[in-house]
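Please work through each task before reading its solution.

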Amino acid sequence: MVDPYAMGGGDPMFQIVPIFIGIIFVIVIGSILISVFKGIGEWQKNEQSPRLSVPAVVTSKRIDVSKRSNMHHHNDTHQHHSSSTHTKYFVTFEFQSGDRSEFHVSGKEYGLLSEDDNGVLSFQGTRYLGFERNKWNISRGEEYQGGYK
């Protein structure tokens with residue numbers, strides 16, 4: 001008797017599904033590798049950039065919150081729902097030239113900075129290193145350290 005599935009015959013699903021799964025696998029792995037190489041490239045570019053400290057003003061602040069939810073089923077009797085959030089903090093600085101740059105900062109740094117703060121911004125490429133706010137002479141209401149606003 002002749003095998004009906006031999007020599008290219010049979011159910012086309014047995015030919016299409018493995019190809020489809022292979023394509024999805026290549027796309028997922030490719031996306032991961034692209035992300036890794038972009039991250040390494042940005043890190044390398046930042047490492048080669050000079051460390052700069054320039055006068056700047058905090059012009060705006062923003063938060064990016066992403067939420068992820070998962071629903072797990074256990075024994076068809078009850079469900080377990082879990083969610084998590086991730087918050088990223090960004091601050092935009094304006095330089096004396098009028099140019100602006102936005103930097104990703106920690107939550108602590110974000111909380112310490114206020115819009116219209118002026119001082120000296122330290123950065124290396126796209127990497128935020130710190131911001132030293134100008135000091136004020138409280139008794140005289142004057143700016144202690146030079147800057148612009």
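**Exercise 1.** Over the ring of which residue does the charged end of Lys 61 sit?

*Solution.* This is a predicted model, in which local features need pLDDT of at least 70 and side-chain atom pairs count only at pLDDT 80 or more, while totals for chains, interfaces and linings use all residues. Residues are numbered from 1 along each chain as its sequence is written, and side-chain values use heavy atoms, with hydrogens and water left out. A charge sits over a ring if NZ of Lys or CZ of Arg is within 6 Å of the ring centre and within 35 degrees of the ring normal. The ring is that of Tyr 110, with the charged end of Lys 61 at 4.2 Å from its centre. Likewise, the charged end of Arg 62 lies over the ring of Phe 90, 4.1 Å from the centre.

**Exercise 2.** Classify the ring pair of Phe 103 and Tyr 128.

*Solution.* Rings of Phe, Tyr and Trp (its six-membered ring) pair if their centres lie within 6.5 Å; planes under 30 degrees apart count as stacked, over 60 as edge-to-face and the rest as tilted. By this rule there are 7 aromatic pairs. Phe 93 and Phe 131 form a tilted one, at 5.3 Å centre to centre and 40° between the planes. For Phe 103 and Tyr 128, the centres are 6.3 Å apart and the planes at 50°, so this pair is tilted.

**Exercise 3.** In which sense do E4 and strand E5 pair?

*Solution.* Strands (E, at least two residues) are DSSP runs, numbered from the N terminus. Two strands pair if DSSP finds at least two bridges between them. E4 and E5 (residues 127-133) pair in the antiparallel sense over 6 bridges. Within this pairing, Gln 124 has Arg 127 in E5 as its bridge partner.

Notes: Helix = DSSP H or I, 4+ residues; strand = E, 2+ residues; numbered from the N terminus.
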